[in-house]
Amino acid sequence: MSEAPFTISVSDEKLQLLREKLGLATLPDELEGSATQYGAPLGDIRRIVARWLDGYDWRKHEAQLNAELPQFTQDVEVDGHGALNIHYVHQRGDAVGAIPLLFVHGWPGSFLEVKKLLPLLRQSSPEHPSFHVVALSLPGFGFSAAPKKKGFGLSQYAEVLPGRFRGRALTHSVTQGGDWGHVIAEVYGGKHSKAWHTNIPMGPGPHPIYRPLLLLYHLLGWYTPAEKAGLKRMLEYQKNGQGYVAIQSTKPQTLGYSLADSPAGLLAWIYEKLVDWTDEYPWDDDEALTWISIYWFSQSGPAASLRIYYEIFGVEGIRAFIPPTTPPIPTGHSYFPKELMAMPRSWLKTPRLVFESEYDSGGHFAAYECPDALAGDLRKMFGRGGPVFGVVPGKTDRDVAPLAGAFYMVRLHLVLTLYCCIS
């Protein structure tokens with residue numbers, strides 16, 4: 001099937017069923033003084049369930065999403081899994097020579113994460129480039145179809161991505177991703193992308209054989225105050241924040257029954273992460289409900305999105321997030337202090353790292369929490385004067401740039417030579 005325009009249109013029957021389920025919701029008790037120690041606070045969930053049942057207007061937010069986000073669907077063939085109907089947002093940049101950028105979300109995110117970035121990235125100015133942005137719903141997320149067979153792993157998710165660009169006549173692109181988007185964009189980048197940027201930089205840590213000098217630095221504690229804070233947060237996350245990973249990477253089907261049947265349960269499961277993983281972001285109840293409603297009304301149901309953990313994490317383990325090699329393309333990093341895996345910069349240095357930016361606020365959902373910062377970094381990395389200006393042939397901040405590719409290759413050579421000399 002060729003590309004088709006898409007409009008979100010949840011049926012009245014589904015809305016009525018949601019109201020009935022919310023009206024029958026039975027919430028658990030809560031220990032005195034437990035706050036967030038045991039998970040999502042009862043007071044928060046009770047309040048938001050009540051708002052979802054009486055006050056939240058899905059039709060209003062549905063109309064806003066349709067008005068603000070140009071959406072499409074297209075069938076994409078995946079080897080061994082047949083055709084999957086994939087949903088995506090495509091916002092063209094204001095400049096004819098806008099840079100094609102593929103935005104890849106993770107869990108518990110969706111295409112909604114790109115909403116605040118779009119108006120920033122499409123703008124054209126003498127000071128910064130314009131981007132054509134494609135933000136797809138990963139298979140099993142949002143309004144994309146879910147795989148029907150086992151074994152839909154990392155390479156299959158990455159295989160879906162090129163289809164978006166064939167459909168939009170964007171043969172060459174750059175990519176941006178966080179969470180699972182980081183992992184998928186990394187694999188995709190090794191095959192199709194010209195350069196990539198991530199807001200959750202990860203790399204192999206100290207090791208007595210493979211990275212002995214890094215181990216010495218670690219034992220000596222040669223870290224900045226920000227890096228020490230990041231290590232502390234990372235260790236806390238690994239100790240007390242990864243229960244969802246253990247469940248979703250081993251028994252996603254069992255958890256799926258609860259999330260598919262109980263909107264209150266789905267709310268608690270996701271809302272906890274929205275609060276814990278952001279840097280004191282002031283979530284409005286309706287804002288959070290729109291985020292969660294996309295999971296509730298998703299094409300294949302909320303359970304489908306869990307299986308990515310089993311198919312990738314359950315098979316490859318931590319290697320999925322921290323592979324032994326990096327894509328042979330230029331890389332950019334943005335560091336946000338409340339990211340879940342806030343690794344020290346010394347762990348992340350590679351010859352292909354050409355751009356870095358650090359902030360004193362921001363968390364896991366950078367595109368949604370800090371759109372101005374992330375958009376600014378993409379403009380600096382790919383714009384005129386940036387380390388990968390002209391990396392996509394003929395696509396810069398101007399309509400015609402015949403020498404951009406040559407300028408880029410010279411600049412990249414100088415950057416990599418300088419890195420090798422000081423390493």
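What share of the 423 residues in the protein chain is buried? Buried residues make up 54% of them, and I would like to start from that value, keeping in mind throughout that what we are looking at is a predicted model. The protein chain is built with 16 helices and 9 strands. If we take the contacts with a separation of 6 or more, 74% of them are between residues 24 or more positions apart.

Let me turn to the interior. In soluble globular proteins, nonpolar side chains tend to be buried together. Here the largest nonpolar core has 112 residues, and the ones with the most contacts inside it are Trp52, Trp107, Trp180, Ile184, Leu267 and Phe382. If you pick out Trp107 on the screen and set aside its neighbours within four places in sequence, you will find it in contact with residues that include Phe141, Asp179, Trp180, Tyr244, Trp269, Trp277, Tyr295 and Tyr309.

Two packed helices are described by the angle between their axes and the distance between the axes. For helix H2, residues 42–53, and helix H11, residues 263–276, the axes come within 10 Å and cross at roughly 125°, which makes H2 oblique to H11. The crossing of H2 past H11 is right-handed.

Now to the charged side chains. Side chains of opposite charge can pair when their charged atoms come close. The count for this model comes to 14 salt bridges, and I will go through three of them.

In one, the side chains of Lys21 and Asp261 meet with 2.9 Å from N to O. This pair links distant parts of the chain, with Lys21 in helix H1, residues 12–23, and Asp261 in helix H10, residues 252–261, 240 residues apart. Lys21 is partly exposed, at a relative accessible area of 23%, and Asp261 is partly exposed as well, at 46%.

Another salt bridge joins Glu62 and Arg59, whose closest N and O atoms are 2.9 Å apart. Because Glu62 and Arg59 lie 3 residues apart in helix H3, residues 58–68, about one helical turn separates them. Glu62 has a relative accessibility of 7%, so it counts as buried, whereas Arg59 is partly exposed at 31%.

Glu356 sits in strand E9, residues 353–358, and Arg345 in the loop between strand E8 and E9, 11 residues apart. Both ends are partly exposed, Glu356 at 27% relative accessibility and Arg345 at 24%. Glu356 and Arg345 also belong to a network of salt bridges that links them with Lys349 and Glu358.

Conventions: Residues are numbered from 1 along each chain as its sequence is written. This is a predicted model: local features need pLDDT of at least 70, side-chain atom pairs count only at pLDDT 80 or more; totals for chains, interfaces and linings use all residues. Side-chain values use heavy atoms; hydrogens and water are left out. A salt bridge is a side-chain nitrogen of Lys or Arg within 4 Å of a carboxyl oxygen of Asp or Glu. Helices (H or I, at least four residues) and strands (E, at least two) are DSSP runs, numbered from the N terminus. Buried means under 20% relative accessible area, exposed over 50%, partly exposed in between (1.4 Å probe, protein chains only). A nonpolar core is a set of buried Ala, Val, Leu, Ile, Met, Phe, Trp, Tyr and Cys residues joined through side-chain atoms within 4.5 Å. Contact means heavy atoms within 4.5 Å. Axes are lines fitted to C-alpha atoms, for helices over the stretch in contact, and angles run from 0 to 180 degrees between N-to-C directions. Angles under 35 degrees count as roughly parallel, over 145 as roughly antiparallel, 65 to 115 as roughly perpendicular and the rest as oblique. A crossing is left-handed if the near helix is turned anticlockwise from the far one by less than a right angle, and right-handed if clockwise.
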